[in-house]
Amino acid sequence: MIKDMSLKILAILVVFLCSSAFSSTGSYIQIPFLNTQVNKERVFEISGQVKSGQGLYQALKDVSIENALALEIINTLRDDVEFSKLKVGDQLKAEYNFQGELVRFTFSQNPAEKHLVKKSQGHWVYEFIEEPTFWESRIVNGELTEGSTLQGVLLEEGFSPETTNNIVSALMCKVNFRMHARVGDAFQALIQERKYKEEVIETRVLYTAYQGDRAGNHETFLYQDEEKGSTYNAHYTQDGQALIRSGLRYPLSRLHVRSGFGWRRHPVTGRRTMHRGVDLRGGVGKPVHAVAEGRVIQSTYNKYAGNKIAIRHRDGSISYYMHLNKRRVNKGAWVKTYQVIGTVGKTGRVTGPHLHFGFKRPNGRWMNPLSKRMIATPKLSGKRFEKLKVQIAQIKGLIQDLRISKESPYLLAKIPNIEFKEARFSWPDLSQVMGDELQRSPASVTL
Ligand SMILES: [Zn+2]
């Protein structure tokens with residue numbers, strides 16, 4: 001009898017395991033005998049969304065994830081989600097088991113992508129879940145006439161403020177609108193929109209152009225490296241010139257902010273502390289570059305900063321690089337702009353490999369280094385330049401195709417000279433894209 005019973009259980013188990021193996025929703029399969037097992041996994045869930053003024057830490061509180069647990073979740077997500085890009089309305093879902101323990105957490109910034117954190121053998125593991133999406137291209141043409149602004153027209157056309165600023169800031173690098181814009185000037189932009197079902201979840205500006213009597217003719221092309229977050233992903237002229245010629249160079253070839261500048265929860269202690277720099281994601285061994293030429297004033301190790309290098313630049317500002325795996329320069333050495341000074345590591349008090357990058361103004365005050373104007377390169381060269389040429393050909397092909405299909409709307413931006421000058425495409429908005437240093441002094445470069 002007992003033997004009979006255990007055979008039955010075994011048979012049901014086999015059926016269950018097989019059906020799980022062939023179904024992506026194994027845990028939802030209704031087998032009465034095993035229901036209690038299944039339900040122990042997930043009993044209830046709490047959903048929420050990021051509200052105005054909230055950081056992730058506060059948003060997590062709303063779905064009952066607090067303190068040390070919140071810190072564990074944030075640390076697990078840090079390398080894949082940039083919390084500095086948190087938006088109002090981003091979705092959170094916490095799932096708890098029958099004992100009230102968190103078993104899964106899902107964070108989502110658009111309906112097509114989910115960042116999942118789940119418990120596996122006592123550890124939190126990260127998983128990215130993506131629904132199929134597609135890219136659609138469209139071209140926007142316009143001409144300056146009297147009465148409104150280019151920015152206004154683009155916003156009216158349904159572009160987000162971010163996309164509008166991307167178009168305008170690319171054009172602005174080539175055209176001195178204040179001096180040279182005239183009624184009758186023409187502009188054009190090629191936009192790519194990533195769609196999930198009918199919803200636009202991401203927008204790229206592939207191309208911008210401007211033609212004016214005084215301003216001349218200009219074209220800019222988006223260059224795209226394969227690596228997500230590559231600092232080289234930007235607009236260039238046809239011959240590979242960056243639209244911003246000067247500024248600090250990025251210390252890494254990829255930009256993913258694990259932790260921003262300012263007040264934050266310390267990722268190790270959980271205490272609210274002032275973070276005097278930014279933490280940039282990077283794998284152990286990735287080269288770290290000097291952001292400008294200067295003298296190495298520190299090349300040391302300590303238990304908090306790990307391997308640390310500080311460089312004093314010509315204007316008296318100092319850049320700091322911490323948690324390095326290897327230091328490649330000694331105190332007293334003169335380093336050139338973009339010289340490799342060490343490699344990314346996880347030395348000192350850290351939760352994982354990253355570069356802590358800090359910046360002090362000549363007056364000794366800490367500042368957010370990302371608000372400095374930074375560029376990947378003044379001019380693309382080598383393989384990247386070859387790739388740009390291929391991408392330019394593709395962009396031009398796409399523009400031809402779209403012109404033939406005649407789906408492109410022709411817009412008229414009503415911009416009289418004088419109002420155009422006043423509007424100046426709103427500097428504060430642009431600062432989000434280009435940094436506050438630019439906002440203060442568009443023409444000057446500090447280093
Ligand atoms: Zn840091």
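Biologist: Before we look around, what counts as a strand here?

Modeller: A strand is a DSSP run of E with at least two residues, and strands are numbered from the N terminus. Keep in mind that this is a predicted model.

Biologist: Why is E101 called exposed?

Modeller: Count the neighbours. E101 has 10 C-beta neighbours inside 10 Å, so E101 counts as exposed.

Biologist: And how far apart are E101 and I65?

Modeller: In sequence, 36 residues; in space, 10.0 Å from C-alpha to C-alpha.

Biologist: Okay, on to the sheet. What makes β3 and β4 a pair?

Modeller: Two strands pair if DSSP finds at least two bridges between them. β3 and β4 share five bridges, in the antiparallel sense, so they pass that test. As part of the picture, F107 stands opposite H115 in β4.

Biologist: What is the strand order in the open sheet?

Modeller: The five strands run β1-β2-β3-β4-β5, with antiparallel pairing.

Biologist: Why are β1 (44-49) and β5 called edge strands?

Modeller: Each of those two pairs on one side only. From one strand to the next, the twist averages 15°.

Biologist: Which helix packs on the sheet?

Modeller: That's α4, which touches β3, β4 and β5, and its direction makes about 50° with that of β5. The buried residues of α4 (residues 67-77) include L71, I74 and L77. Its buried residues also pack against other elements, among them α3 (56-62) and β13 (262-265).

Key. Residues numbered from 1 in each chain as written. Predicted model: local features only at pLDDT ≥ 70, side-chain atom pairs only at ≥ 80, totals over all residues. Buried ≥ 20, exposed ≤ 12 C-beta atoms within 10 Å, placed from the backbone. Helix = DSSP H or I, 4+ residues; strand = E, 2+ residues; numbered from the N terminus. Contact = placed C-beta atoms within 7 Å. Axes fitted to C-alpha atoms, helices over the stretch in contact; angles between N-to-C directions.
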